[in-house]
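Subject: The structure we talked about

Hi,

Here is the structure I promised to pass on. Have a look at it first, and then read on for what turned up.

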Amino acid sequence: MSFSDEDSLAVVVEREIPFPAEKIWRALTQPHLIEEWLMKNAFKPVVGHRFDLSADWGMVDCEVQSIEPHKALAYSWNTKDLRSTVTWTLTPTDNGTLLRMEQIGFTQEQLPYYRGASAAWPRFMEALESVVARLDDAGKDA
């Protein structure tokens with residue numbers, strides 16, 4: 001568990017992926033690819049765009065907070081009484097890209113949400129890498 005100054009919890013998952021940031025960016029921002037590794041959605045890479053993520057268990061209300069193509073993306077992640085932010089950061093490495101996901105905003109009263117996110121995000125990250133691995137380099141899906 002990690003705590004911020006506001007005494008909230010954050011989930012952080014980092015993974016070095018052997019692909020360039022531009023390729024990973026596609027999986028983070030194209031709705032049909034996001035659906036493959038995360039959930040159904042109507043995502044658009046535009047600050048202020050509101051979208052939902054939906055799964056069998058329910059929906060997440062989101063809004064794009066910031067976007068820096070091929071480098072960083074942040075959106076709100078709100079469901080029931082959870083108000084949080086998911087931030088993706090892509091940093092080039094000698095072997096590909098370090099992909100970092102941080103979800104902040106869990107309170108001490110939201111430990112079940114925190115535990116769920118701590119278990120789910122590594123699986124989502126693994127699924128994202130699988131999607132990226134099958135993409136071709138020309139910007140088309142393989």
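To start with, how many cavities of 30 Å³ or more does a search of the whole structure find? One. Keep in mind as you read that this is a predicted model, so everything below is computed from predicted atoms.

**The cavity**

About 40 Å³ of space lies in the largest cavity. Its lining is made up of Leu28, Ile34, Trp37, Leu38, Phe43, Phe51, Leu53 and Tyr75. If you sort those residues by type, you get eight nonpolar, no polar and no charged. Helix H2 (31-37) and strand E4 each give at least two residues to the lining of the largest cavity.

Two of the lining residues, Phe43 and Tyr75, come back in the next part.

**Aromatic rings**

The count of aromatic pairs comes to eight. Take Phe43 and Tyr75: the ring centres are 6.4 Å apart and the planes sit at 65°, so this pair is edge-to-face. (The cut-off for that label is an angle over 60 degrees.) Phe43 sits in the loop between E3 and E4, while Tyr75 is in strand E6, so to speak a link between distant parts of the chain, 32 residues apart. Both Phe43 and Tyr75 are buried.

A second pair is Trp121 with Phe124. Here the centres are 5.3 Å apart and the planes are at 70°, so this one is edge-to-face too. Trp121 and Phe124 are both in helix H3, three residues apart, which is about one turn of the helix. Trp121 has a relative accessible area of 2%, so it counts as buried.

Which residues do ring pairs link into a cluster? Trp37, Trp77, Trp88, Trp121 and Phe124.

**The pocket**

Now for the largest pocket, with a volume of about 380 Å³. It is lined by 18 residues, and those nearest its centre are Trp57, Trp77, Tyr113, Gly116 and Ala117. Trp77 is also one of the residues in the ring cluster.

Which element supplies the largest share of the lining of the largest pocket? That is H3, with eight residues. At least two residues each come from E5, strand E6 (72-79), strand E8 (96-106) and helix H3 (111-134). By type, the lining of the largest pocket divides into twelve nonpolar, four polar and two charged residues.

**Strands side by side**

Next, follow the strands E3, E4 and E5. Strand E3 (residues 40-41) and strand E4 (residues 50-55) run antiparallel and are joined by two bridges. Within that pairing, Lys40 has Ser54 in E4 as its bridge partner. E4 also pairs with strand E5 (residues 58-68), again antiparallel, this time over six bridges. There, Ser54 stands opposite Met59 in E5. So what do E4 and E5 form? A hairpin, with two residues between them.

**Salt bridges**

Side chains of opposite charge can pair when their charged atoms come close. The search of the whole structure finds five salt bridges, and here are some of them.

The side chains of Arg15 and Glu129 form one, at 2.5 Å from N to O. Arg15 is in strand E2 (residues 9-17) and Glu129 is in helix H3, so this pair ties together parts that are 114 residues apart in sequence. Are the two partners buried or exposed? Arg15 counts as partly exposed because its relative accessibility is 29%, whereas Glu129, at 17%, counts as buried.

Arg50 and Glu63 meet in another, at 3.1 Å from N to O. This one links strand E4, where Arg50 lies, to strand E5, where Glu63 lies, with the two 13 residues apart. Arg50 is exposed, at a relative accessible area of 63%.

Then there is Glu102 with Arg100, whose closest N and O atoms are 3.1 Å apart. Salt bridges with shared partners join Glu14, Arg100 and Glu102 into one network. Glu102 has a relative accessible area of 25% and is partly exposed, and Arg100 is partly exposed at 27%.

Happy browsing!

Technical notes
Residues are numbered from 1 along each chain as its sequence is written. This is a predicted model: local features need pLDDT of at least 70, side-chain atom pairs count only at pLDDT 80 or more; totals for chains, interfaces and linings use all residues. Side-chain values use heavy atoms; hydrogens and water are left out. Two strands pair if DSSP finds at least two bridges between them. Helices (H or I, at least four residues) and strands (E, at least two) are DSSP runs, numbered from the N terminus. On a 1 Å grid over the protein atoms alone, a cavity is a set of points where a 1.4 Å probe fits but cannot get out, and a pocket is an open set with protein on both sides within 12 Å along at least five of seven lines; lining residues have an atom within 4 Å of a point. Grid points are joined across faces, edges and corners, and a volume is the space filled by probe spheres set on the points. Ala, Val, Leu, Ile, Met, Phe, Trp, Tyr, Cys and Pro count as nonpolar, Asp, Glu, Lys and Arg as charged, and the others, Gly among them, as polar. A salt bridge is a side-chain nitrogen of Lys or Arg within 4 Å of a carboxyl oxygen of Asp or Glu. Buried means under 20% relative accessible area, exposed over 50%, partly exposed in between (1.4 Å probe, protein chains only). Rings of Phe, Tyr and Trp (its six-membered ring) pair if their centres lie within 6.5 Å; planes under 30 degrees apart count as stacked, over 60 as edge-to-face and the rest as tilted.
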